[in-house]
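Here is a short briefing on a predicted model. Read it with the structure open.

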Amino acid sequence: MRCNDCQNGDLLEELRHKSAVSNGRVAVVTDVPVTVCPSCGMVWYSEDVAVELDTMLSNMLAHDTVSVRPFREPATTAA
Ligand SMILES: [Zn+2]
């Protein structure tokens with residue numbers, strides 16, 4: 001798949017970390033599945049991943065001064 005941004009790169013699936021800082025607190029989520037362009041460096045999150053990531057980071061910032069967690073896949077089916 002071609003990059004929409006630079007029309008040059010061949011998109012790759014990778015695992016990246018995402019960090020957030022709020023009121024002196026730090027949260028890091030590791031192993032987040034993303035799509036990256038090796039040419040221009042753009043990083044895309046799928047909608048499900050972005051929502052889950054947001055929820056995780058908010059919870060982590062609310063509870064811990066410093067927290068690091070691996071990403072968990074969004075639940076696609078209700079258990
Ligand atoms: Zn690109």
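β1 and β2 pair in the antiparallel sense, with 10 bridges between them. β2 also pairs with β4, this time in the parallel sense, over 5 bridges. Helix α1 has buried residues that are covered by elements including β1, β2 and β4.

**The β1–β2 hairpin**
- The two strands, β1 (12-22) and β2 (25-36), form a hairpin with 2 residues between them.
- Asn23 sits in the turn and has a positive phi of about 50 degrees.
- Ala20 has Ala27 in β2 as its bridge partner.

**Other partners of β2**
- Val28 stands opposite Val68, a residue of β4.
- Strand β3 (residues 43-44) pairs with β2 in the antiparallel sense over 2 bridges.
- In that pairing, Val36 stands opposite Val43 of β3.
- The hairpin of β2 and β3 has 6 residues between the strands.
- Gly41 in this hairpin takes a positive phi near 85 degrees.

**Helix α1**
- Helix α1 covers residues 47-63, 17 residues in total.
- At 1.5 Å a residue the helix should span 24 Å, and its end C-alpha atoms are 25 Å apart, which agrees.
- Leu53, Met56, Leu57 and Met60 are buried in α1.
- These four cover an arc of only 100 degrees around the axis, so they lie on the same side of α1.
- An α-helix has 3.6 residues a turn, so residues three or four places apart point the same way.
- Glu47, Val51, Thr55, Ala62 and His63 are exposed on the other side of α1.

Technical notes
Residues are numbered from 1 along each chain as its sequence is written. This is a predicted model: local features need pLDDT of at least 70, side-chain atom pairs count only at pLDDT 80 or more; totals for chains, interfaces and linings use all residues. The expected span of a helix is 1.5 Å times one less than its number of residues. A residue is buried if 20 or more other C-beta atoms lie within 10 Å of its own, exposed if 12 or fewer, and partly exposed in between; C-beta atoms are placed from the backbone. The arc is that of the directions from the helix axis to the C-beta atoms. Two residues are in contact if their C-beta atoms, placed from the backbone, lie within 7 Å. Two strands pair if DSSP finds at least two bridges between them.
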